[in-house]
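Subject: Structure handover

Hello,

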Amino acid sequence: MFLCFRKKAYLCSIETPYNNYNMANKIVLTGGCGFIGSHTCVELQNAGYDVVIFDNLSNSEASVVDGIERITGKRPAFYQIDCTNKGDVYQAFQKEGPIAGVIHFAASKAVGESVQKPLLYYRNNLSSLMNMMEAAEDFHLKGFVFSSSCTVYGEPDQSPVDENAPIKPATSPYGNTKQIAEEIIKDYLHTGVGFNAIILRYFNPIGAHPTAEIGELPRGVPQNLLPYVCQTAMGIRKELNVFGNDYNTPDGSCIRDYIDVTDLAKAHVCALDRMVQGKSEEKIEYYNLGTGNGVSVLELVNTFMEATGVNVPYVIKGRREGDIEKIWGNPGRANTVLGWKAQVPLKETLANAWRWQTRLREKGVM
Ligand code: UFG
């Protein structure tokens, strides 16, 4: 159970209201209408935080806020603003009053698109980060959580990878923005700013909320595996292309560490708790967020079919350019220091994703 570790902190924050810490419990989530952002909003609200979402809706829908409200019974504040616009960001901060922390999700995230439009990626992902960090300093925040990715490890020398594994050259402008962002945060914190930072390196987030009120909303043809699997199972796509079965892995397909999105969201609550309660030991801390288990593409497809009873036709295709053969994480530091552990079994995650896909069909979305 997730709360077995966090419960202490959670109960502690109930018994000792945030006012006693003389701090706000309001959190800004940039990209809060996105896949990971929306699930994190739910968990933060469930944990007693007030959430303010900044989202430009470039890759998400305003209706996500309704889904969050249906799950939690509470509507987060929402600003349709682009974090590359510093004036808008500052105006929203001024309006909202004391804020404890920021979780900065907002970013462009399609690896292939980043190769076609590198400047868009560098501009969106880096200028928004700099604006948000300046705001964190100017408005006296306690903590800043940054969404990074296991992409910073490239093709690791060995798995599971821990946080000390070498950073490898990025294989796309998108991956480069994550590496550069980590450097920018490190350099800025080195100047002695008033807030701490936690960098969360996600492995492969998948799934949907068990209520099927929120989930992933890929635009156009999905690039990531599970949304493509779901759409194939629904008959929207004819068949899944499995990119390569000649890798040096037990079944020849690539291996990843698929982490349930609700589990992932809960890790953000633990990270924020740590900073706003003044428990960070380092000015900047890094955590891998994964399950610690490697799962191949074919295993994932077969487990999906078992979990849902729905067939997923697939064909083996050539390797996809830029794919890493195998990577999975060592989440030991997050387990021991943050008190967080992935809990949701893969089958349940896949069933949740399918329930969400079915809900989209019922709503006529796809
Ligand atoms: N895959 C297929 N068919 C598909 C889609 C994917 O076989 O239609 C395979 C890929 O080749 C890969 C695996 O499924 O082996 C996972 O692919 P995803 O696109 O779902 O995920 P990636 O691991 O490539 O990338 C994800 C995120 C990135 C992030 C990266 C970190 O999309 O944002 O993990 O490694 F940077």
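This is a predicted model: local features need pLDDT of at least 70, side-chain atom pairs count only at pLDDT 80 or more; totals for chains, interfaces and linings use all residues.

The ligand site

The ligand is surrounded by 19 residues. Those closest to the ligand are N224, L225, N241, R256 and D323. Sorted by class, this shell consists of 10 nonpolar, six polar and three charged residues.

Which elements each supply at least two residues of the shell around the ligand? They are helix α8, residues 225-233, and strand β8, residues 240-243. The most comes from β8, which gives four residues to the shell.

In R256, an N or O atom of the side chain is 2.6 Å from an oxygen atom of the ligand. For N204 the corresponding distance, again from a side-chain N or O atom to a ligand oxygen, is 3.0 Å. For Y174 it is 3.4 Å, also between an N or O atom of the side chain and an oxygen atom of the ligand. As for cover, the ligand taken alone exposes 680 Å², and the protein buries 89% of that.

Helices α10 and α12

Helix α10 spans residues 297-308 and helix α12 spans residues 346-363. Their axes come within 9 Å and cross at roughly 70°. Angles of 65 to 115 degrees count as roughly perpendicular, and α10 and α12 are therefore roughly perpendicular to each other.

On the α10 side, the contact is made by L300, T303, F304, E306, A307 and T308. On the α12 side, L346, K347, L350, A351 and W354 take part. By class, the contact of α10 with α12 has seven nonpolar, two polar and two charged residues.

T308 deserves a separate look. This residue is placed in helix α10. Which residues does T308 contact, leaving aside its neighbours within four places in sequence? They are L350, A351 and W354, and these three residues are among those listed above for α12. The side chain of T308 also reaches the backbone oxygen of F304, at 2.8 Å.

Two backbone details

Between S159 and P160 the peptide bond is cis, with omega near 0°. P160 is found in the loop that runs between β5 (143-149) and α7 (173-190).

The other detail concerns L57, in the loop between β2 (50-54) and α3 (64-72). Phi of L57 is near 60°, which is a positive value in a residue other than glycine.

Regards

Conventions:
Residues are numbered from 1 along each chain as its sequence is written. Side-chain values use heavy atoms; hydrogens and water are left out. A residue is near a molecule or strand if one of its heavy atoms lies within 4 Å of it. A polar contact is a pair of N or O atoms within 3.5 Å; within protein, one must be able to donate a hydrogen and the other to accept it, and residues adjacent in sequence count only if both atoms are side-chain atoms. Accessible areas come from the Shrake-Rupley method with a 1.4 Å probe; for residues, only the protein chains shown count as cover. Ala, Val, Leu, Ile, Met, Phe, Trp, Tyr, Cys and Pro count as nonpolar, Asp, Glu, Lys and Arg as charged, and the others, Gly among them, as polar. Axes are lines fitted to C-alpha atoms, for helices over the stretch in contact, and angles run from 0 to 180 degrees between N-to-C directions. Angles under 35 degrees count as roughly parallel, over 145 as roughly antiparallel, 65 to 115 as roughly perpendicular and the rest as oblique. Contact means heavy atoms within 4.5 Å.
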